[in-house]
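The entries below keep to what I looked up.

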Amino acid sequence: EKMKFLSLFVLYFSISAVYAVLGVDISDYISSDAFHCMAQNGYSFAVVRGYCSFGGVDPNGVDNIENSIDGGMNVTDVYLFPCVPCGNPAGQVDALVDYIAGTGYGMVWLDIETYSWSSNLASNQQFILALANELVNQGQSVGVYTNYYNWQSIVGLGWTGVSQYPLWYAHYDDWPSFGDFTPFGGWNEPTIKQFNGDVTVCGVNVDQNYRP
C-alpha cells in the first residue's frame, strides 16, 4: 500500500509537471530568435515591460511584443511599472495603451511592488484604483502583479479594491506550483506565479513564471 501510494504521488507530480505552462517576463530587449529558442524549450507565454518606473514607455516594448509573437509565444502580455511620484495615473495608462496599440498583445498587468510608494496606504489604494479604472475605460484586460509582503506594505493586506482582477504573484522558491500561496488582498487563488528571478534562458536574462 505504501509503495502504491508513493507511485500515485510520483505519477501525480509527473502529470502536473507535464501540464505546467511556463513563461517569462522581461525588461530588456529580446530578439525574436531568443523568443523562438524559449518557445522550443518549453516556454509558451511572455510578459513584456511596456511602461517604466521613471515615468515613460519602455523604448523596447513594442519590439519585444512583436518579437515575442514572431518567436512563437502563445500569449504575450504587457506590464506597467507605474511612476508614483509622477502622479497622473490615468495619463500613464493612456501613454502605454497608445504606445502598444495594434501590436497584438493580450492583457496589461499592473506591477505593484515596493518602489517610491507613499507611506499613506489610502493614497496608494486610490492610485492603484485610478490605474485599473483607466485600463478598463480603455477596454483593456487588467491583472495585478505583486506579492503578500509588497501588498501589505503598500496598501495593507485587507484592502480588496482590485481583487476582481487576476493575480500574478512573486515567490522565488524555484517551485512552479501554487502550493505555497497564502491568500491576501481578496485573492483566494492566483493566475500566474513568478517563481524565479534573473535567470538566463537561451542566453538572455528573464524571470521564470508558471501558470496551470
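The entries follow in the order in which I made them.

**Conventions.** I worked on a predicted model, in which local features need pLDDT of at least 70, side-chain atom pairs count only at pLDDT 80 or more, and totals for chains, interfaces and linings use all residues. Residues are numbered from 1 along each chain as its sequence is written, and side-chain values use heavy atoms, with hydrogens and water left out.

**Nonpolar cores.** I looked up the nonpolar cores, each a set of buried Ala, Val, Leu, Ile, Met, Phe, Trp, Tyr and Cys residues joined through side-chain atoms within 4.5 Å. For burial I used relative accessible area: buried is under 20%, exposed is over 50%, and partly exposed lies in between (1.4 Å probe, protein chains only). The largest core has 46 residues, and M38, I128, W151 and V162 have the most contacts inside it. Its largest share, 5 residues, comes from helix α5 (residues 121–137). I took helices (H or I, at least four residues) and strands (E, at least two) as DSSP runs, numbered from the N terminus. Apart from this core lies another, of 10 residues, including F81, W109, A170 and I192.

**W151.** I listed contacts, meaning heavy atoms within 4.5 Å. Leaving aside residues up to four places away in sequence, W151 touches I112, I128, V144, T146, G156, L157, W159, V162, F184, G185 and W187.

**N147.** I found N147 in the loop between β6 (142–146) and α6 (148–154). Is N147 buried or exposed? N147 has a relative accessible area of 17% and is therefore buried. A polar atom of its side chain lies 2.8 Å from the backbone nitrogen of N150. Beyond residues up to four places away in sequence, N147 touches A170 and F184.

**Helices α4 and α5.** I fitted axes as lines to C-alpha atoms, for helices over the stretch in contact, with angles from 0 to 180 degrees between N-to-C directions. The axes of α4 (residues 89–100) and α5 come within 8 Å and cross at roughly 35°. On the α4 side I noted P89, A90, Q92, V93, D94 and V97, which meet F127, A130, L131, E134 and L135 of α5. By class, this contact has 8 nonpolar, 1 polar and 2 charged residues. Here Ala, Val, Leu, Ile, Met, Phe, Trp, Tyr, Cys and Pro count as nonpolar, Asp, Glu, Lys and Arg as charged, and the others, Gly among them, as polar.

**Helix α3.** Which residues of α3 (residues 61–70) are buried? I found G61, V62, N64, I65, N67 and S68. These buried residues pack against β1 (21–26), α2 (32–40), β2 (43–52), β4 (75–80) and α4. After α3 comes G72, with a positive phi near 105°.

**Positive phi outside glycine.** D198 lies in strand β8 (residues 192–201), and I read its phi as near 55°, a positive value in a residue other than glycine. D198 counts as exposed because its relative accessibility is 61%. C202 lies in the loop between β8 and β9 (204–211), and its phi is also positive, near 55°. With a relative accessible area of 29%, C202 is partly exposed.

**Q164.** I placed Q164 in the loop between α6 and β7 (167–170). At 54% relative accessibility, Q164 counts as exposed. G56 is 108 residues apart from Q164 along the chain, and their C-alpha atoms are separated by 27 Å.

Key: A polar contact is a pair of N or O atoms within 3.5 Å; within protein, one must be able to donate a hydrogen and the other to accept it, and residues adjacent in sequence count only if both atoms are side-chain atoms.
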